[in-house]
Amino acid sequence: MDKVITIERHFLEQQKQHPEATGVLTSILYDIALAGKIISRETTRAALEDILGLTGRINVQGEEVAKLDQYANAAIVRLNQYTGRLAVMASEEVNGIIPIPDEFAVGRYVLLFDPLDGSSNIDYSVSIGSIFSVLRRTSPEGTPGTEEDCLQRGRNITAAGYILYGPSTMMVYSAGNGVHGFTLDQTVGEFLLTHPNIRIPRKAKFYSVNQGYERYWAREIQEYTQHLQHLDLKLRYIGSLVSDFHRNLLGGGVFYYPADSRDPSVPHGKLRLLYECNPLAFLAEHAGGAATDGQQPILDLVPADLHQRTPLFIGNKELVELAGDYLRGEQALGMFERIREVTV
Ligand code: AHG
Ligand code: MN
Ligand code: MN
C-alpha cells in the first residue's frame, strides 16, 4: 500500500515544490478529476440509461450534439461554477463564455474544455475523453471574467490534461512539471498514479490521420504521408483525438489533422485551438514532443475567436518538424534518409 499514490497525494506533493502556491490550482485539478469520474460512470452506463444517441440539437460548430456531450458539459460546469476558484469558463459546446453565476464568488482562474471529445464514437462504445486547460485570468480580480481571459495563447496555460474513457479510465495532466498519468481504480473510486513522468518515445511507431480525406489534401500533405509510410509506421486512427493522442504519447508517433478542401466553410481543418489543440500541445511539449499548425508552434497562436479552428501536427518532434519541412517546400519525396535515422 506504501507504493499507492493517489491523485490527491500527487497534487499535494507537486504543490509542495511551489511554496508560493495557495492550493487553488490543486483544488481545481481535483474538481476536474471528480467531474471525470462522474462522466466516466455515465459513459459506461449510457446504453443502460438511454443516454446514447443525439439530442437533435446542432452546436456552435455546426455539429450534432450527442446526449452525452450535453451531460458532460453540464457536469463540468456544475462542479466548477460554485467553488470561487474560477473567473470564467468556456466550452466547445457553448457559444459564448460561461460566466460564474452572481450567487457565487469569482476566482483567479479560467477553465477551457472539450467536455466530450470523439463524441461521434459514443454510440459504438469506442474510447472518448474530456480535454481541459487552466489559465490565470488577465482581467482584474474580483470582477466577472471576460472573453479576453479565455482568448489567451496556449503558452500562458498553467495546467492542462485529459480524462480518457477507454477500457480503463485515465487522467493525464501536466502543471508544467512533467506529464503524469493516473488510472481510475473503480473499486475505490480514485485515480492512482500509474504513469509518472511520461516522455514520448523517440522511436515512433504510429502515424494517425483520417486518410479517407487524402484527395482533399494539399500535395505537400500527400507527400508527407507517403514519407511516413516509407518509414514503415503503422497507421492507427480512432477518430477521437484524445485517444489517438494518448496512444501516440505512450507508443510514439504523430497525429495530424491538416487543412483540407473538403468543406470550404472550414478551411483550417476541424480541430479547435482552445479546447483541443492547446491543451494537448502543452502536454506534448512537456513530454518532449511538439505541436504545430504546420508553421508555428500551436502554443504561440493568438486566438481571435473562442471557437477558432487550426490545422494540427502533434507528437514526435522529428515527425512534426518533417511536416513543416514539407509544407515549406524544404523536403521532397525521396529525401528519406535524415528522418529514417531517428525513427527506425
Ligand atoms: P468532438 O467529438 O469533440 O467534436 O471532436 C471530434 C474530433 C476529434 O476527436 C477527432 O480527431 C476528429 O473529430 C475526427 O474527425 P473526422 O471524423 O473528420 O476524422
Ligand atoms: Mn473534440
Ligand atoms: Mn466535443
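Start by selecting ligand 1, which sits in the largest pocket. A pocket here is an open set of points on a 1 Å grid over the protein atoms alone, with protein on both sides within 12 Å along at least five of seven lines, and sitting in one takes more than half of the molecule's atoms within 2 Å of its grid points. Keep in mind that this is a predicted model, with local features needing pLDDT of at least 70 and side-chain atom pairs counting only at pLDDT 80 or more. Residues are numbered from 1 along each chain, and side-chain values use heavy atoms.

Next, select the shell: 19 residues surround ligand 1, each with a heavy atom within 4 Å of it. Asp-117, Asn-210, Tyr-213, Tyr-237 and Tyr-257 are the closest. The shell splits into seven nonpolar, five polar and seven charged residues, with Tyr counted as nonpolar and Gly as polar.

Now colour by domain. Domain 1 (7–195) and domain 2 (206–340) both contribute to this shell, so ligand 1 lies between them; the bounds come from an automatic or database assignment. Then pick out β5, which gives the largest share of the shell, three residues.

Time for polar contacts (N or O pairs within 3.5 Å). Zoom in on Asn-210, where a polar side-chain atom is 2.8 Å from a ligand 1 oxygen. At Leu-241, a polar backbone atom also lies 2.8 Å from an oxygen of ligand 1. Finish at Arg-272: one of its polar side-chain atoms is 3.1 Å from a ligand 1 oxygen.

Conventions: Chains lettered and ligands numbered in written order. Polar contact = N/O pair within 3.5 Å; in protein donor to acceptor, adjacent residues only side chain to side chain. 1 Å grid on protein atoms, 1.4 Å probe; cavity = no way out; pocket = protein on both sides within 12 Å on 5 of 7 lines; lining within 4 Å. Helix = DSSP H or I, 4+ residues; strand = E, 2+ residues; numbered from the N terminus.
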